[in-house]
Amino acid sequence: MNFLAVKFRSVSDRIARAAGLDVRLLGMLFMMAVIWLTLDVLTGGLFITPRNIFNLSLQVSVVGIMTCGMVLVIVSRHIDLSVGSQIGFIGVFGALMQNAWLPIDGTSTWWITSLAMLGVGIFIGFAQGLLVAYAGIPSFVVTLGGLLFLRNAAFYINSGVTVAPLNETFQLLGGGLDGTIGVFWSWVVCGLAIAGVALIVWRSRRRRSVHSMAQKPLASDVLMVAIWAIVIAVFTATMNGYKQPKTDIGMGIPIPVLILIGVTIVMSAVARKHRFGRHVFAMGGSSESAELAGIDTRRLTLLVFMMMGLLCGLGSIVTTARLNAGASVTGTMTELTVIAAAVIGGTSLAGGIGTVYGGIVGALIMQSLESGMILMGVPTPLQRMVLALVLIIAVWVDTVYRKARRA
Amino acid sequence: MTALVELRNIVKTFGGVHAVENVSIDLAAGEVLGLLGHNGAGKSTLVKILSGVFPADSGDILIKGQSVTIRSTRDAKALGIETIYQTLALSENLDCVANLFLGREIAGWHGFMNDEAMEKKADATLNRLRLRLPLLSKLVSSLSGGQRQAVAIARAIQFNARVLIMDEPTAALGPEETQNVATLIAELSNQGIGIILISHDIHDIFGLASRLVVMKNGRLVGTVNTGDVTKDEVLAMIIAGKVPEARQA
């Protein structure tokens, strides 16, 4: 049994490596496909519908945006427990800005508030990062403090009163009926995305040939682009396939989903192709080695927390805009969902290992299970219990996989 | 001739303990200097001051007669002082190329790295040093002890090192790998790189170093030319802290 598993693994590994594919990613996508098909059967065909996929993408965007940052925080061997409270605090702050300090109907209100919310996020990350990096307080303690402090600060700055409504342009950032880019622009984005994938693959081939280095087989690159093109086109068609109520007009891609896709691409590039990401991985693997290699680990830690704060600001913009209100309880428990998504996606709490796309797939798996169970009418406590078990099993499978690979 | 590196009257205390007490050593270009002493003799502390891990409480560091300030490992590297630590200080979760360029990545637009250029340069460095690695894209955690040593050495000297500090360079290696390191040290010394070898075991470096510095309890015991002494005499210096008569270099 064990022998067979090893055998299968080595064969599938070799095939995938020959084609230049990531085995872990394939495994996780396979898991996703199984979960989706199962849920579709269990819900009697309600799960894989444009309507549900549309809602699913919208629901996953906030957790996904923050998971991108959390992956790097955990890779750097830290943790940020304050992200849920950051969402709440920044949300109330932004809502207050629109209602108390700026004209709510002003044409610039939406972007001034957004920038300010991002700024507050960066500042929170800066403060927490200083305490972790320069005062040497464990990040668990600092951000646990941040969790309590910010949640109550969110309550305190408006005496717990929910602030609503919000600026109409700002609301678009949260998705909803008008918060999509429509059928036409969705296809434009789709075309640009496919062209982008092709361009990236072509540039990588050209760079390798300039340096006269070994190339992946051309067929595998073409196949790669083709698969991406199909995925992107199917996704766009699905988003366009969900019609506005009582009309035949397609919705198109929601703005939060576009933000999530953008954040994922940027953060993946930062993690894998940027010096900053390289240093974060080095520090997470061994802080001492990174230090001896000349990396300023304290500054790096500070930057990691600031980046997390920035993404919390972005997450808060989307949530607050979607709710059309700044409430002090918004984002409660989100920190746990975000950490769980990162960990399900293969990020090691021991540091040094993890991928951004893994975190996104982790977030998708969690959200899919939750939506599926809601569609099935599973009671909320039971949903949470199932998700908890999934978290533990996912990490267990990952541990077994890693051990087998190292052997 | 001015020395390549001079450490003058270096003092370092840790919470009242004198780790290094008023020690001065010098190193010429192309020279292989052995730094000997028991565990706790202060030899690692002394070179960590030179490689920028922590600053000295007092004393001067001179490079080619010029006084320099070394506040961090970055400062030391900028002066061409490279260190191979006993632990090798590699990042096991990264591949060989990433380790070779850690902290000094070749990057272009806004700090995005040029992987191809780094891989190519790494390949060239390893060829030049006649170091063999199976695959540059392998994670360091999957390499053998000798291969890890090769990565650490290549990393230290590919950026035009002038001074190379090796902490217990052969302690973890087999006989064949030890021989390879010896050959490499001779070659680097021919290129004019000043090399400091640190060891607590006289046998490890007696055949490699041309001059030996012995430390005990944070103090300098003495300096001798390897050709003028026997291993037993050096051993006596390490244990008793006394220089054999008429052997002082």
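Visitor: Among contacts in chain A between residues at least 6 apart in sequence, what share joins residues at least 24 apart?
Guide: In this predicted model, 77% of those contacts in chain A join residues at least 24 apart in sequence.

Visitor: And how does the radius of gyration of chain A sit with a compact globule?
Guide: The two agree, because a compact globule of 407 residues would have a radius of gyration near 22 Å and chain A has 22 Å. Along the principal axes, the C-alpha atoms of chain A fill a box of roughly 65 × 60 × 50 Å, and buried residues account for 44% of the chain's 407 residues.

Visitor: What about secondary structure there, how many helices and strands?
Guide: Chain A has 16 helices and zero strands.

Visitor: Switching to the largest nonpolar core, which residues touch the most other members?
Guide: The core has 163 residues, and those touching the most other members are Ile65(A), Met70(A), Ile195(B) and Leu197(B). Helix H3 (residues 50-75) of chain A supplies the largest share of this core, with 15 residues.

Visitor: What is Met70(A) in contact with, leaving aside neighbours within four places in sequence?
Guide: With those neighbours set aside, Met70(A) is in contact with Asp80(A), Val83(A), Met308(A), Val338(A), Ile339(A), Ala342(A) and Gly359(A).

Visitor: How many residues does each chain bring to the contact between A and B?
Guide: The contact takes 22 residues from chain A and 22 residues from chain B. On the chain A side, helix H8 (182-210), helix H11 (275-285) and helix H12 (287-292) each supply at least two residues, and the largest share, six residues, comes from H11(A).

Visitor: Now chain B: in what order do the strands of the six-stranded sheet run?
Guide: The order in this open sheet of chain B is S6-S7-S8-S3-S9-S10, with mixed pairing. Strand S6 (81-84) and strand S10 (219-225) are the edge strands, each pairing on one side only, and the twist averages 20° from one strand to the next.

Visitor: How many bridges join S3 and S9 of chain B?
Guide: Four bridges join strand S3 (residues 32-36) to strand S9 (residues 211-216) of chain B, and these two strands run parallel; within that pairing, Leu36(B) has Val214(B) as its bridge partner in S9(B).

Visitor: Which strands does helix H8 of chain B touch?
Guide: Helix H8 (residues 231-240) of chain B packs on the sheet and touches S3, S9 and S10 of chain B, its direction making about 25° with that of S9(B). Helix H5 (residues 145-157) of chain B, for its part, lies across S6 and strand S7 (163-167), running at about 175° to S6(B).

Visitor: And the sheet of four strands, what is its order?
Guide: That open sheet of chain B has the order S2-S1-S4-S5 with antiparallel pairing, its edge strands being strand S2 (17-27) and strand S5 (66-68). Five bridges join strand S1 (residues 5-14) to strand S4 (residues 58-63) of chain B, and the bridge partner of Glu6(B) in S4(B) is Leu62(B). Helix H1 (residues 43-50) of chain B lies across S1, S2 and S4, running at about 115° to S1(B).

Technical notes
Residues are numbered from 1 along each chain as its sequence is written. Chains are lettered from A and ligands numbered from 1 in the order in which they are written. This is a predicted model: local features need pLDDT of at least 70, side-chain atom pairs count only at pLDDT 80 or more; totals for chains, interfaces and linings use all residues. Two strands pair if DSSP finds at least two bridges between them. Axes are lines fitted to C-alpha atoms, for helices over the stretch in contact, and angles run from 0 to 180 degrees between N-to-C directions. Two residues are in contact if their C-beta atoms, placed from the backbone, lie within 7 Å. A nonpolar core is a set of buried Ala, Val, Leu, Ile, Met, Phe, Trp, Tyr and Cys residues joined through C-beta atoms within 7 Å. A residue is buried if 20 or more other C-beta atoms lie within 10 Å of its own, exposed if 12 or fewer, and partly exposed in between; C-beta atoms are placed from the backbone. The radius of gyration is taken over C-alpha atoms; the globule rule is 2.2 Å times the number of residues to the power 0.38.
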